[in-house]
Amino acid sequence: MLNIVLETRGAHRIKLGVIVFSVITISLAIVFLVNMITPYGRLTKSSPASTFVELIFCIFVQMCLIYRLNDIMYHKKQASYKLGLEIIITAIAVLSLIDFICWFINPVPDILAAFICLFTFIIAGFQSTLWILQRIKSSNSEQEYDTNLTQQISQAGDSAPKTSKCMIALEYILFSFILLLVILNTCQIIHEANHPGSLGEGEEYYTVKSQDLDVVIRTYCIGAKNLPQIILEAGGGSSGVDFYEIQTQLSGNYRVCSYDRAGYGMSWQAAAPQSSENSMIIAQQVMDKVGFNTSVPNSIVCIGHSVGGQLCRYYAQYMLSIQGIILLDSVPVMNWFYLVGQCQNQTVSQVYAQQQQTLPLIKAMASLWPFYLETPFFMSSGGFQPSNLQGWINWQITTTRNWYSQSLGYASELEECQEQCMESSIINPSSIINKPIIVITASNQQGTCADRNLTGTDCQNFYCSQNASIELTVNQSLLGNQVSTYVECPGICNHDFVWKQPDFIVQQIEYYIPQF
């Protein structure tokens, strides 16, 4: 059987099969590349960047196998310098097998990426096996080539072409570079497979529908089921774990549920676009799944941090079940960019163009994330409360799926609020919500540059940012009923006060919710 493979006819047939498979693989790679640049629908439950990278590696080993089969077909003797290249191919095969296993251990298994890794392992392993068989056949046979070809070579003598040192160096550089990328990719896949695990009792996974696709969502609910209900919306790039300490403290008086929005934490990716409407459709199903009856008016309080707060504001406009909302350092981000830019003497067109230019950078980060290059730089050594969940926080912000989701979210923000929206006041009839709105901001009007040791341009930018945040905070509090107000965090607070100063947040929540 193996001898057939080493014959011209057998090698030719296998080569044709590999070429057909290569065309399919390249076509898939193009589809995933386009999906990364211009997201549409959902090609994978994880990130298209991960699958695209695995396809590139698979294409590489297929090309290598085609060259190997050519050597067999034309009876070319294997040059001794290629030993190192074959070792690299073998290493890629081993790493691909590891990737295959890790994709199934991942909390969001990517079946397509896993099987691409399996194909890469099989193809690379097959090529290594061919090389070994050729070496064995060469050492055990007195006549390595076809008789006619042997005679031609002996007549040619020293005139047989030899590979130049420059070409050998280029081959080793290419193979070494690919091996480095494979190693980095494997590091990232192992990192994501090494997930922090369950939060314990109260954690459940539910399947919801989004644009006719199943999406599995991780939820975490604590507190007696007969208590008043609170749903928590995390900020962009984060998961429900951000609220762990706040949730724990509130659970004595409330039934509190957090969840990982689609594409974040341990939840599956949903189909693009990641619009406010699509997020609400998922959130409403999640609330029903955890036992919050969304058909009962004024029965649920929505508390959201950052982007999550703006989602709460959106829900309150369309969901009768929302009793009131509490926004934690949450402002309409496009309006905030405009006010900061205006403070820096920029026009609305300049500000919007600047944000449009930021989107490709976020997409680039999302595309490069499978290579583990950025992951170590986003790891934090501490600051999260409780400290034993610091690893959870580091993990959730460093997955490839997370950064793809962030690129989808940013694209939706640009689409939903363009130039006219950015410079318009948020106080308008369509934004009025006849419900309580409590806005708790990390900004403080008494805060100074001296408090933060800022000078020069940094100081100017700080005041522009602070004034924009406070203006939008006040304006948001005017969108609700008479109970609505805003609260400034005392002292020096930052956007991360949700997990670094949870006691202050809980104090405000417990004071205002009874007034709803």
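Trainee: In this predicted model, is Arg218 buried or exposed?

Mentor: The model is predicted, so its values are computed from the predicted atoms. Arg218 has a relative accessible area of 0%, and because buried means under 20% relative accessible area, Arg218 counts as buried.

Trainee: Which residue meets the side chain of Arg218 in a salt bridge at 2.7 Å, N to O?

Mentor: Side chains of opposite charge can pair when their charged atoms come close. The partner here, with a relative accessible area of 0%, is buried, and the salt bridge that joins its side chain to that of Arg218 spans 2.7 Å from N to O. The residue is Asp260.

Trainee: How many residues apart in sequence are the parts that the pair of Asp260 and Arg218 ties together?

Mentor: Asp260 lies in the loop between strand E4 (255-259) and helix H9 (276-289), whereas Arg218 belongs to strand E2 (residues 213-222). Salt bridges with shared partners also bring Glu203 into one network with Arg218 and Asp260. The parts tied together by the pair are therefore 42 residues apart in sequence.

Trainee: How many salt bridges does the rule find across the interface of domain 1 and domain 2?

Mentor: The domain assignment gives domain 1 as 2-139 + 164-195 and domain 2 as 203-478 + 494-506. Between these domains there are eleven residue pairs in polar contact, and the structure holds seven salt bridges. Across the interface of domain 1 and domain 2, however, the number of salt bridges is zero.

Trainee: Which helix gives the largest share of the side of domain 1 that touches domain 2?

Mentor: In all, 28 residues of domain 1 are in contact with 27 residues of domain 2, and the area buried between the two domains is about 2300 Å². Arg42, Gln188 and His191 are the residues of domain 1 that lose the most area to domain 2. Helix H2 (8-37), helix H3 (48-73) and helix H7 (165-193) each supply at least two residues of that side of domain 1, and the largest share, seven residues, comes from H7.

Definitions and conventions: Residues numbered from 1 in each chain as written. Predicted model: local features only at pLDDT ≥ 70, side-chain atom pairs only at ≥ 80, totals over all residues. Heavy atoms only, no water. Domains from an automatic or database assignment. Contact = heavy atoms within 4.5 Å. Buried area = accessible area lost by both parts, 1.4 Å probe. Salt bridge = Lys/Arg side-chain N within 4 Å of Asp/Glu carboxyl O. Polar contact = N/O pair within 3.5 Å; in protein donor to acceptor, adjacent residues only side chain to side chain. Helix = DSSP H or I, 4+ residues; strand = E, 2+ residues; numbered from the N terminus. Buried < 20%, exposed > 50% of the residue type's maximum accessible area, 1.4 Å probe, protein only.
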